[in-house]
Amino acid sequence: MAQPRTLYEKIWDAHVVDRRDDGTCLLYIDRHLVHEVTSPQAFESLRVAGRKVRRTDLTLAVPDHNLPTTARLDAEGRRIPIADPESAAQLAALERNTAEFGIRCFGATDVEQGIVHVVGPEQGFTLPGTTLVCGDSHTAAHGALGALAFGIGTSEVEHVLATQTLQLKQSKTMEIRVDGALGFAVSPKDVVLAIIGRIGAAGGTGYVIEYTGSVIRDMSVEGRLTVSNMSIEGGARAGLIAPDDKTFAYIKGRPMAPAGEHWEKAVAWWKTLPTDPGARYDSVVTLQASDIAPNVTWGTSPEDVVPITGVVPDPMSFADPSKQAAAKKSLDYMGLVPGTRLQDVAVENIFIGSCTNSRIEDLRAAAAVLDGRRIADGVHQALVVPGSGLVKKQAEAEGLDRIFVAAGFEWREPGCSACLGMNPDKVPAGERCASTSNRNFVGRQGPGARTHLLSPAMAAAAAVTGRLTDVRELVGE
Ligand SMILES: CC(C)[C@H](C(=O)O)[C@@H](O)C(=O)O
Ligand code: SF4
């Protein structure tokens, strides 16, 4: 009998083109997503070398990082120019490069435009069993559909554009199993924050994670995308979830998904992908769902996480001296005092969006909390930024936009927005933001901005009270 293999090993083996003695492999790449920040240099190098893009049909581009999220067309239907010269240049370069090299690109005013990691799954571009790359660290998100998906650097973007392959060494495997059933108002974001809190921001270094267990199986595909998305915040190269009937139902009928007899064939193969009984992982971590509460971060690393019922930790409570120093520095930056109850921390900004939490279920969860409520007086910026034009359209069809606007939120156009300071959406220096994004690094949401990561429902609860809040108490069980 063949050796039992993990999901990761099966995808890996199916894509190795060549293997060197030192273990370096040449891997075939099935799907390549491109955005404006990490591609200009790659296209320029191709141009200089007189090379073409090897498989334009397996490459898809979309602008997201630099695009302002305010209206993109004026009253006459003309495109509103982008004020920031650098952003305007990046976006123009993406349009020019994709046109010149013959790559499909969703434009700023197309309904399909959105954050690259929302667009891939939504279009059926992301498929189980494929290798998928993008010049972006949150590419791991696509692992939620059972793709081996990971971020690459600009020189690798060039390599994939030119050859449709990548040089790589195989990673170790880590199973992260979450057993049990989640409590009331505990969301996929709380699960992944709990995981990162457990393994640490470097805990996954050198590994590809596979998320397993009843909590992952019971989760919607949207929720799984949130979990896989943050694999990189735990240091892992990728974060996979075995494809199942839910995955197939999610993909079926999407514009770029296989159809007709191709669909049947694809599903038959996808069903062979889940990890074989008896396959071994290099490392196994288990969490119990009943131990997971709505979580919030207090520091400047996603591993700095506590349940909302907790307090800001004392740096001296960490055993590791380097962690003690880091925590002290974090607290200085965050303007927090050890022992403060998280629920006593006031926030002035709310951001609901990013590739972690801007899909329809995220917007529904936040709107459910905001329905019939209003943002607190102390909150002076509350943004809700759908992950794509299609998410926006769906949300509007469900009337979610009206709930957000009635509550005092700004309903924006799709993009990365305040997830990082590469466009006009920023958090002012010294102010705090309850944010559904994935990184709370120093200056991430703007110079001096203080970020608390949490779920969409928790962000909505913070908007209502003007402080970090246990959503379970606000909405009642
Ligand atoms: C700009 C881009 C390269 C970057 C990434 O790689 O992740 C961004 O998306 C981020 O989230 O920090
Ligand atoms: S939403 Fe944030 S994390 Fe995601 S790709 Fe954009 S900047 Fe990166």
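This passage describes a predicted model of a protein chain, from its overall form to selected residues.

The protein chain contains 16 helices and 19 strands. Its C-alpha trace spans about 60 × 55 × 45 Å along the principal axes. For a chain of 477 residues, a compact globule would have a radius of gyration near 23 Å, and the 22 Å found for the protein chain agrees with this expectation. Buried positions account for 53% of the 477 residues.

Helix 11 was examined in detail. This helix comprises residues 321-334, 14 residues in total, and extends 20 Å from its first C-alpha to its last, close to the 20 Å expected at 1.5 Å a residue. Its buried residues are Ala327, Ser330, Leu331 and Met334. Viewed down the axis of helix 11, these buried residues fall within an arc of 95°, and they therefore line one face of the helix. In general, an α-helix has 3.6 residues a turn, so residues three or four places apart point the same way. The cover over the buried residues of helix 11 includes strand 19, residues 450-453. On the face turned away from this buried side, helix 11 carries the exposed residues Pro321, Ser322, Ala325 and Asp332. Just after the helix, Gly335 adopts a positive phi of about 65°.

Arg177 belongs to strand 9, which covers residues 172-179. Arg177 has 17 C-beta neighbours inside 10 Å and therefore counts as partly exposed, since a residue is buried only with 20 or more such neighbours and exposed with 12 or fewer. Apart from neighbours within four places in sequence, the contacts of Arg177 are Thr212, Gly213, Val284 and Thr286. The C-alpha atom of Arg177 is separated by 20 Å from that of Pro307, a residue 130 places away along the chain. Gln394 is located in helix 13, residues 389-397. With 16 other C-beta atoms within 10 Å, Gln394 is likewise partly exposed. Between Gln394 and Arg359, which are 35 residues apart in sequence, the C-alpha to C-alpha distance is 9.9 Å.

Gln164 is not a glycine, yet its phi is positive, at about 60°. This residue occupies the loop between helix 5 (154-163) and strand 8 (165-169). Gln164 counts as buried because 20 C-beta neighbours lie inside 10 Å. Ala185, also a residue other than glycine, has a positive phi near 65°. Its place is in the loop between strand 9 and helix 6, the latter formed by residues 188-199. Ala185 has 23 C-beta neighbours inside 10 Å and so counts as buried.

Definitions and conventions
Residues numbered from 1 in each chain as written. Chains lettered and ligands numbered in written order. Predicted model: local features only at pLDDT ≥ 70, side-chain atom pairs only at ≥ 80, totals over all residues. Helix = DSSP H or I, 4+ residues; strand = E, 2+ residues; numbered from the N terminus. Rg over C-alpha atoms; globule rule 2.2 N^0.38 Å. Expected span 1.5 Å × (residues − 1). Arc of directions from axis to C-beta. Contact = placed C-beta atoms within 7 Å.
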